[in-house]
Amino acid sequence: MSLEEDFRKLFGKYRPGYERTPNRPRLLGGAGVSMMPYGGDKQESNKCLDIYGLLQFNDSTGNPSIDVARAIEGLFDINSGRQVRIFLDPGAEICKDSNVKKFSDYIWYKLQLKNNHEAVLTGAGLTQGNDFFSVRWFLSLDILNTPLTLPGMPKRIMRINDLRQKDNTLQNVVYKILKTKPLNAKAFFTTVPIKADLLESNRDQYKKAVKQIFDFVCIYINEDSKYTRNTMLEVYLLSLQKNSFITEKKPNSSKLNSLIWNTEQYAGKKIPEGGEKIYTWKTPQNPFLYGSAYNHTFDARDVYWGLPADNYRVYESRWKFADDLIRGAGLVKDYALKSADITRDEEITKDNIAKVKFGDHFIHSFDYSEGAQQYFEQDVSFYYRNKYDEEGNETGEEKNELFITLSEKGMTRLWSVDIFPDSAIIDLRFDPRAGKFIPVHPISQDLLPDQLQESGSLELQDINGNQYHIAQSNEGFVLTSDRLGKKSWSISREDYVLQN
């Protein structure tokens with residue numbers, strides 16, 4: 001710290017010259033009070049405040065940093081959880097050249113659920129063919145990747161999902177939307193201050209933050225809206241260079257035998273018995289891709305970077321959505337800034353604020369198919385034929401008998417949501433005419449949380465949960481600190497000096 005900054009911390013910002021201050025009682029001998037007039041009281045030449053002109057409460061002792069409360073810094077509104085800057089003096093302004101921060105070290109989210117969709121998948125991310133090798137496909141629809149690694153692979157690093165990073169939007173890349181229904185959901189604002197180390201520093205607050213988001217999305221994404229919690233999609237057959245798959249029934253292939261049996265159940269009829277059979281699955285064009293949804297899931301340790309829910313320790317896309325947002329808040333914030341072609345909060349303006357979002361994310365589930373429907377863009381026709389004719393000669397494809405066409409595509413359910421990470425410190429400025437503190441977001445009132453309303457009194461806390469209260473009195477205000485044993489100060493509107 002420089003010598004100038006040392007003096008500024010002790011005496012405030014240098015204000016040249018002497019001017020007679022307004023008549024008011026002086027507390028001679030009181031802490032921080034002397035015959036020297038305090039420049040912050042000058043009504044005409046100096047109404048702006050720098051960082052040393054803002055009252056703050058000491059982290060160690062809980063004592064106020066100065067004895068003048070024109071504006072109070074470093075507290076959080078209890079109802080909304082937002083960091084606020086309180087202006088008891090309606091005319092007080094922050095000096096333009098000061099180092100007073102406009103943005104908090106914490107992140108809050110505004111979440112806007114928009115639409116419910118029915119979609120089909122394109123198979124993006126599947127890069128090599130396989131035959132009855134079970135690929136459980138879902139990861140590219142989550143915000144973050146997962147900790148899950150294959151044996152022998154290096155440990156994964158937490159990041160925004162690769163497909164999202166590459167393509168920016170997943171629509172027409174990962175899926176194609178067939179039907180859309182608006183949700184008409186009210187915007188939701190989180191109330192827990194989020195930092196990258198929240199899980200390590202306060203596990204209870206971390207879980208509270210995740211559950212808060214989870215509970216909100218469950219209002220709209222539930223069994224009534226055809227959400228299926230434990231269903232995963234398995235890709236059974238994939239051929240990139242052709243549009244069909246041909247095989248014989250094999251006694252030791254449980255996947256093949258299960259798929260044939262499930263198809264018979266779905267069709268409501270049996271393949272004629274007798275003799276060896278050749279089975280063919282075919283799509284109108286390549287690549288050939290067949291998948292089916294089953295009720296199975298993953299261990300939470302393999303898919304969450306943070307914490308699983310208490311009542312189930314398995315993959316759940318709604319919980320994964322909430323956990324990703326809290327654990328990866330810094331990554332989500334950086335992605336949102338990048339979406340607006342900026343890299344810092346200080347570059348946010350009224351013109352680009354609407355673009356600072358993680359837009360069109362999709363929470364997902366798959367309709368439970370009982371093992372017969374396919375979930376991709378093309379119909380799948382299933383054929384069978386006898387391997388040998390009556391004379392013992394091998395048959396060709398001209399002998400194929402169509403058993404069923406899976407034209408009722410299995411549905412991928414998607415719920416679209418816009419994610420706005422916000423770190424702005426919100427002003428609470430007292431309006432003498434209304435007799436209330438008026439909340440003002442420094443960039444856009446659209447990001448002002450619903451829980452933060454105009455009020456004649458304030459319930460506040462510091463980041464450690466110590467509570468403070470501001471109420472009105474005939475002379476001005478009463479500020480109370482629970483941490484200091486309900487200690488109260490009277491604050492006159494005439495000079496805003498703390499008086500015991």
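This is a predicted model: local features need pLDDT of at least 70, side-chain atom pairs count only at pLDDT 80 or more; totals for chains, interfaces and linings use all residues.
Figure 1. The residues to look for are Tyr227, Thr228, Arg229, Thr231, Met232, Tyr315, Glu316, Ser317, His364 and Ser365. Two elements, strand E9 (231–239) and strand E13 (358–366), each give two or more residues to this lining.

Figure 2. Around the largest cavity you will find Phe103, Lys333, Asp345, Ile348, Ile353, Val356, Phe420, Pro421, Asp422, Ser423 and Leu447. Strand E16 (residues 412–424) supplies the largest share of this lining, with four residues. Sorted by class, the lining of the largest cavity comes to seven nonpolar, one polar and three charged residues.

**Figure 3. Gln451 in the loop between strand E18 (436–440) and strand E19 (458–461).** Gln451 counts as partly exposed because its relative accessibility is 29%, a value between the limits of 20% and 50%. Leaving aside residues up to four places away in sequence, Gln451 touches Asn79, Ser80, Phe189 and Thr191. Have a look at Gly81 too: Gln451 and Gly81 are 370 residues apart in sequence, yet their C-alpha atoms are 8.8 Å apart in space.

**Figure 4. An open sheet of four strands, in the order E10-E11-E14-E15.** The pairing in this sheet is antiparallel. Strand E10 (244–248) and strand E15 (401–406) are the edge strands, each pairing on one side only. On average, neighbouring strands of the sheet are turned by 20 degrees against each other, direction ignored.

**Figure 5. Strands E14 and E15, with helix H5 packed on the sheet.** As a reminder, strands of a sheet pair through backbone hydrogen bonds, either parallel or antiparallel. Strand E14 (residues 380–386) pairs with E15 in the antiparallel sense, over five bridges. To get your bearings along this pair, find Val380, which stands opposite Leu406 in E15. Helix H5 (residues 254–267) packs on the sheet and touches E10, strand E11 (277–282), E14 and E15. The direction of helix H5 makes about 80 degrees with that of E15.

Technical notes: Residues are numbered from 1 along each chain as its sequence is written. Side-chain values use heavy atoms; hydrogens and water are left out. On a 1 Å grid over the protein atoms alone, a cavity is a set of points where a 1.4 Å probe fits but cannot get out, and a pocket is an open set with protein on both sides within 12 Å along at least five of seven lines; lining residues have an atom within 4 Å of a point. Ala, Val, Leu, Ile, Met, Phe, Trp, Tyr, Cys and Pro count as nonpolar, Asp, Glu, Lys and Arg as charged, and the others, Gly among them, as polar. Buried means under 20% relative accessible area, exposed over 50%, partly exposed in between (1.4 Å probe, protein chains only). Contact means heavy atoms within 4.5 Å. Two strands pair if DSSP finds at least two bridges between them. Axes are lines fitted to C-alpha atoms, for helices over the stretch in contact, and angles run from 0 to 180 degrees between N-to-C directions.
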